[in-house]
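Let's take a friendly tour of this model, starting with one chain and ending where it meets its neighbour.

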Amino acid sequence: MKRAPYPTEAPREGQKAVWKSLGDKRNPDAAKEAAKSELLTPITLSRRGLLGLGAATAALATEGCIRRPVEHIYPYTKAPEYVIPGVADHYATILSRRGELVGALIESHEGRPTKVEGNEEHPTSLGSADLLMQAATMDLYDADRSTSVREKGKRSDWGAFDRALAAILKTSQADGGARVRVLVRPSSSPTLLRLRTLAADKFPHTRVHSYTPIAESNSREGARIAFGQAVVPRHNFAFAKTIVALDSDFLHGEQGALHATKGFVHGRKLDRPSDPMSRLYVVEPSLTVTGSNADERLRLPASEVDAFARALAAEVAKHAIELGSVKDAVADAKAPEGTERFLTAAAEELAANKGKCAVVAGRRQPAHVHALVHALNTALENVGHTTSYAPVVDVTEPADLGADLKALADDIDQNKVDILLILGGNPVFDAPSDVKLAEQIDKVPTSIHLSSHFDETSEHCTWHLPMTHELEAWGDGRAFDGTFSIQQPLIAPLHDGRSVIELMAHLTDEAPRGHELVRATFRERAATPARFEGAWKTALRLGLDAGSNSVRFEAHATLDEVAAAIKKAPLAKSIGPSNLEVAFAPCNKIHDGASGNNPWLYEVPDPITKIVWDNAALVSPATAKALGIESEDVISIARDGSKTIEVAAWVQPGQADNSITLTLGWGRENVGRYGNGRGFNVSPLRTTKAMDMMDGVHVSKTGKTYKLVQTQDHDRMEGRPIAIDATLDEYKTNPQFVLFPNEEEKRSGSPTPRTLPLWDRAKYEGHKWGMTIDLNACTGCNACVVACIAENNVAFVGKEQVYRGREMHWLRIDRYFIGESEDEPEVAFQPVACVQCEEAPCENVCPVNATIHSEEGLNDMAYNRCIGTRYCANNCPYKVRRFNFLEWRGPEGAQQRVQDTYQEIPETEKMAFNPNVTVRMRGVMEKCTYCVQRIEEAKIGSRREGRAIGANEIKTACQQTCPADAIVFGDLNNAKAEVARLARSDRGYALLAILGTHPRTTHLGKIRNPSPALHHHREAPEPTKPALGKPPEHRTPVETPK
Amino acid sequence: MQIFPRALNKLPLYGAVGSLVGLMGAIAVPWYYFSPKNLQVGYEPKQPVPYSHRLHAGQMGMDCRYCHAQVERAAHAMVPPTQTCMGCHTLVKTDSAMLAPIRESWETGSPVEWVKVHKLPEHTYFNHSVHVAVGVGCVTCHGRIDQMDVVRLDQPIAMQWCLECHRNAAPNLRPKDQITNMAWTPDQAPPGWKAPEVHPPTNCSGCHR
């Protein structure tokens, strides 16, 4: 069906170009044409086919008619204490991902965990959660998790394994376990460390190796150089005026991202134009979440960041910053070509903000870059202000995990290993190519693999043991600041699994029972035995042992050591068309692939590329042109000493030329229905020497193409001002930039609304729910999207259906590129969900009143009244309504999702549903409801307790999880509510206000803080003229709260 | 010339009246006979245990909340766990044949399969606690449970019926200490008592989420 395009205004003079994808930018006419079509893929149905379908529909219309079925009630036999059926409980625990743990609060319905929130008491989360945490329940209920012990692939049981292990260990005790090897993932668990010590007593010659595909080795080693010991830098970005990130995605991909985001956003929140705002400089090869939020961004191949860092230090030293011997070490450093201006500006600003700036290096950069950054922070006197240090929690982790894994493989090769215990992880899948682990494991007489799935590694092992999920098992860990945190199970193991510590206990004399093991570790902490039980219970309730965080200390880098390391470290060859680079990055969604069968994560669009269900090799437009490749071409990447890989290319604006970014964690072969065959496994290209980046790669076209599906071209907004941004200077001269971008418009007044209300506008006297979304705070991390999925039972639909534009996400994050440059565009993220228009176009066209306004201004949706005409979605200017084209939870939907023949949604997956939200069926429309179940729960609770609803009591799922506090929800009629204050902000604007829809959601315009030194070619803004007159009429009036 | 007999002159009239009656019947018959009031009220399924509310709540005067303990706290009033039954029946009627399923449940741990009588329409969320908190008596929706040997659906639990009260709740409210009193009538209200001002939701999201 075609419709006439909305009339769009001609772009204002001087307005910046805003585009969503390269395709749209290069071919605007085709984009305009595509926007006319309601369906992304046309329906090809003949007249006969349509009549046939009509007849079949009529015949089937009565098929479902039956008498109401008899339903049963199954009460408890013995009711558990404190469980009130229908009232959710919350338990504090920890979840670990990205190699670190984060405090979480888990919602549990009658013993069934359904939703993860951040733990406000925990320093790692401060109440927020990221997308991996939000998706943890889906990992728990994954139907493809391993359900039994297997011996050589055949089903066995724990009894058989226990007997076999006891027999083997007995024989190996004679030589002190010299032929026993253990491979673990780095862990901060005090219980695991304790058991390792105990095991070392019993088996003194047993070696424990560590491996994880995304390791912190470089930063640890860098700290050892600078401080003589491994420490973790902790930055408080809230106090920093200037931040320089060297290839560091500290807002998303690095450890401590939640904490960093909170601080970073705090330093940039603007209530008024005079508020201070930090400036972020980012140097990176590929556009990351952090890079998208940069005020000044420099794209630079990862290998050249080293040279840049040295030149930066040399430049900083010119500003009377005392760098000692480091100054000599970097004296002859030459900045990579074309980076001089950026470098000078950054160095000047760092020096000017001594004690109020921060320099950070990413985990990908070599150790001496980290050391140099420590030296810079010391010299800039940031230590104690924006930067402090905490001891590393896992002291047993070796410096180089790749080398450690290689040592294990070599030992096996030399026939030194009889028993190999692999506790967690999937090394066969993610090991670098020069470690032939699959072949080596086959050589070991007894190999034992504990893992959640019967995966690529399990296939090669003698024994496969099912591992418990974190929500099923006891455990503990230390947060980045040393806080002792307890992991308590929310549910008994679904699949008869055991945890890592329970298996490790087999090497000791302790009984392999998680609860006892963790308690025994904790008992050592209690002052007296009498105090133990009380302290234990308090720790369980809080999720942490209060006061156990290690003292932050102010370490000062030893400049001589840093200088020596820099002198010793050779500079990488410069990157160019004849020397292409590959940089490996953790995936923005699945990180290292540990959640490799999680459909929620697969279907969330990548924050930058917006690709779903796949990864891709990111190539810059110029490099793509030089290599003759286009998006979706399959390219092969080869390098001496590595396996050649084939991967689909994606031309990505903002990518450094001659540098290709590959995301890890994809291309699983043996994980389950959702993960198998998704994307491309790039690990075989890595070697133990080049785990993070490599140069000298050869790229060639294979001639094949691969369909990549992305959502960035869906829901076009057709050239209107949607994501509005300005620089800090522009904001200062014109605080009302979101409404009047220039002086002329101010003088001529605003355009009157083209659409007048159809009837008298309703007054909202009671509650008046509203939301503000601060584009200045939003980092685009996607946590809210997954939180919405988990809270509202949002279906996932699979790659093919997303291609047809049938994704179901109620909340999407639009990513806009701004500016004419394809190479270095600015980025704006804009979360858009239903904005709950007061004059909702969708309501006017619903023939059955299935969507209708409540007296509190919510645009309600009654699913059982909807007959599926889709008129509402057609008439929605924001494109936020989602239609259930198929029964996503039925056989046809399941088939679409996995492209296989699964007939029904697995029983365990149903356990993830929120019981307070309807699971929608085929043929109905759905959309964001402002989490109406939470509003009703609060209203009922307040009425039951005879009190008023607190000003900021109700939090929507997206708001609760947002690490940047970008989303605020509440009652616009309540003067004490945060949202009422923010909705009056001068940066506030209603999306598409010109249509007269009067949205309840107010977006707050984004402010950038570009460096004046780099942009002096921009004209100085005109001095502001005060007295702007009365507010324009097309803006949603915000009534003064009572 | 007359082709048709005179008697047929009235045929159009009969036809018109007849089709009008037929049409009204076609509307009225399904209107009533397919209504929840006709189809659902009186639903009285056989339960696995012939538990008598007339005996327990009526004759012995047990408070509703002794068994339906969460009615003031949660959405579900809660059908009691077997434990609650056994609290008394380990001492009273310990070998009654009628109680065999209860004892079996207690020993095996498998729940008693009660048949649901008060079924809400699909996609509807009802909360007991808020209704009890504002003063809706049990009897208002459930009828004289204290006089039923077998629980019977007393009111059509359908949207129109719900909305009738949500639009004008005052007549159905009572002092909070009379919630479980099955025999309470408005003239028993203490002098000066006035139904509280409640504004029950009448919009979709009040019940549909």
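## Ground rules

Two residues count as in contact when their C-beta atoms, placed from the backbone, lie within 7 Å. In chain A, among contacts with a separation of 6 or more, 76% involve residues 24 or more positions apart.

This is a predicted model, in which local features need pLDDT of at least 70 and side-chain atom pairs count only at pLDDT 80 or more, while totals for chains, interfaces and linings use all residues. Residues are numbered from 1 along each chain as its sequence is written, and chains are lettered from A and ligands numbered from 1 in the order in which they are written.

## Chain A as a whole

Chain A holds 34 helices and 40 strands; these are DSSP runs numbered from the N terminus, with helices being H or I of at least four residues and strands E of at least two. Its C-alpha trace spans about 90 × 80 × 65 Å along the principal axes.

Of the 1042 residues in chain A, 55% are buried, meaning 20 or more other C-beta atoms, placed from the backbone, lie within 10 Å of the residue's own.

## Where chains A and B meet

The contact draws 33 residues from chain A and 35 residues from chain B. On the chain A side, strand 2 (72-73) and helix 32 (932-944) are the elements giving two or more residues, and helix 32 of chain A has the largest share, with 6 residues.

Strand 2 of chain A runs antiparallel to strand 1 (residues 114-115) of chain B, joined by 2 bridges; strands pair if DSSP finds at least two bridges between them. Here A:H72 has B:V115 as its bridge partner.

Conventions:
A residue is buried if 20 or more other C-beta atoms lie within 10 Å of its own, exposed if 12 or fewer, and partly exposed in between; C-beta atoms are placed from the backbone.
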